[in-house]
Amino acid sequence: MLPDLAVIIPHHNDTARLIRCLDALAPQLVDDVELVVVDNASNHPLDPVRDRFPPFRIVTEPQKGAAHARNRGVEETRAPILLFIDSDCLPADDWVAVARKTLERHTADLVGGRVSVFDETPPPRTGAQAFEVAFAFDNRAYIAAKGFSVTANLVTRRDVFLATGPFVHGVSEDLDWCRRATAKGFRLAYDDDLRVGHPSRNDWPALRRKWQRVTEELFGVNGRSPARRLAWAARALTMPVSVLAHAPRVLRHPDLTGGERLRALGTLARLRLLRMVWMLGQALRR
């Protein structure tokens, strides 16, 4: 029997979180759902995963990068509906059931869902964790204002994927892919009932690595022509001002305590100033 839906999970050196993700997915999988874990050349052993989930398929994609892993996942599956999640995410217990219906319910070709941030350590939150609570994964806003959904919680059809083309490594792949899809006339929508959780970054080094990667990928999407480099440099110079513009979001956030708000503001200022330096360097790079 041809599966109706394929769950595709890229993975790299995060076995404990992958097991947590699969534990949440296992009760949701029925005969017409196929699941593939695409391991992106991990050097951590996957024996614990294979031992715990013997029916689940694990394939290896030697080219490093989540884009390559997701493309391989599409190649390795057959279902007409594709459902993407990251290995460190925790899907809601009705995630697969909601994904089955969401494209039809929204009369859309690709749908992104809610991504909620949760902490893996006890309170109080660090500056990085508090920053992520306030700013990370606002997928509703990404879809409404920026025209893309994160691939940590995305459902689409196989024909849409084939018409749009594969994810591209080295750029902000979710933004790039969604914009290519909508440029072809496919409709993007948001579904708040399609829910996954994502762990917050615990500390400054982890948050810094994330945003250095994101900034480099966004530069790749922005383009490297002289005019685009000039626009990128101008955008870089707005980073200090954006601290003031976004401070109210931290100060009014209902899930942060007073001390966490202060730590989040410090992290916001530190990160935006560092991003200005990175972006100016990228604009001047030959």
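In this predicted model, the largest nonpolar core comprises 89 residues, and Val 7, Ile 9 and Leu 22 have the most contacts inside it. Helix H12 (residues 258–284) gives the most to this core, contributing seven residues. Leu 22 touches Ile 9, Leu 35, Val 37, Val 49, Phe 53 and Phe 56, when residues up to four places away in sequence are not counted.

Val 7 and Ile 9 belong to strand E1 (residues 5–11), in which seven of seven residues are buried. Leu 5, Val 7, Ile 9 and His 11 point one way from the strand, whereas Ala 6, Ile 8 and Pro 10 point the other way, and both sets are buried. Strand E1 pairs with strand E2 (residues 33–39) in the parallel sense over seven bridges; within this pairing, Asp 39 of E2 is the bridge partner of His 11.

In general, strands of a sheet pair through backbone hydrogen bonds, either parallel or antiparallel. The antiparallel sense is represented by E4 and E7, which pair over five bridges, with Ile 81 opposite Arg 157 in E7. Strand E7 (residues 153–157) has four of its five residues buried, so it is largely enclosed by the rest of the structure. E7 also pairs with E6 in the antiparallel sense, over three bridges, and in this pairing Val 155 of E7 is the bridge partner of Val 111. Strand E6 (residues 110–118) in turn runs parallel to strand E8 (residues 188–199), the two being joined by nine bridges; Phe 118 stands opposite Pro 199 in E8.

Burial was also examined along individual helices. In helix H4 (residues 95–105), the buried residues are Trp 95, Val 96, Val 98, Ala 99, Thr 102 and Leu 103. Seen down the axis of H4, these buried residues fall within an arc of 150°, so they line one face of the helix. Lys 101 and Glu 104 are exposed on the other side of H4. Just after this helix, Thr 107 takes a positive phi of about 45°.

Helix H10 (residues 226–237) contains 12 residues and spans 17 Å from its first C-alpha to its last, close to the 16 Å expected at 1.5 Å a residue. Its buried residues are Arg 229, Trp 232, Ala 233 and Ala 236. Viewed down the axis of H10, the buried residues fall within an arc of 100°, so they line one face of the helix. The elements covering the buried residues of H10 include H9, helix H11 (239–251) and H12.

Thr 215 lies in helix H9 (residues 204–222) and, at 0% relative accessibility, counts as buried. With neighbours within four places in sequence left aside, Thr 215 is in contact with Trp 232, Arg 275, Trp 278, Met 279 and Gln 282. Gly 281, which is found in H12, is partly exposed, with a relative accessible area of 38%. The C-alpha atoms of Gly 281 and Ala 236 are separated by 9.7 Å, although the two residues are 45 residues apart along the chain.

Terms used:
Residues numbered from 1 in each chain as written. Predicted model: local features only at pLDDT ≥ 70, side-chain atom pairs only at ≥ 80, totals over all residues. Heavy atoms only, no water. Buried < 20%, exposed > 50% of the residue type's maximum accessible area, 1.4 Å probe, protein only. Contact = heavy atoms within 4.5 Å. Pairing = 2+ DSSP bridges. Core = buried A, V, L, I, M, F, W, Y, C linked by side-chain atoms within 4.5 Å. Expected span 1.5 Å × (residues − 1). Arc of directions from axis to C-beta.
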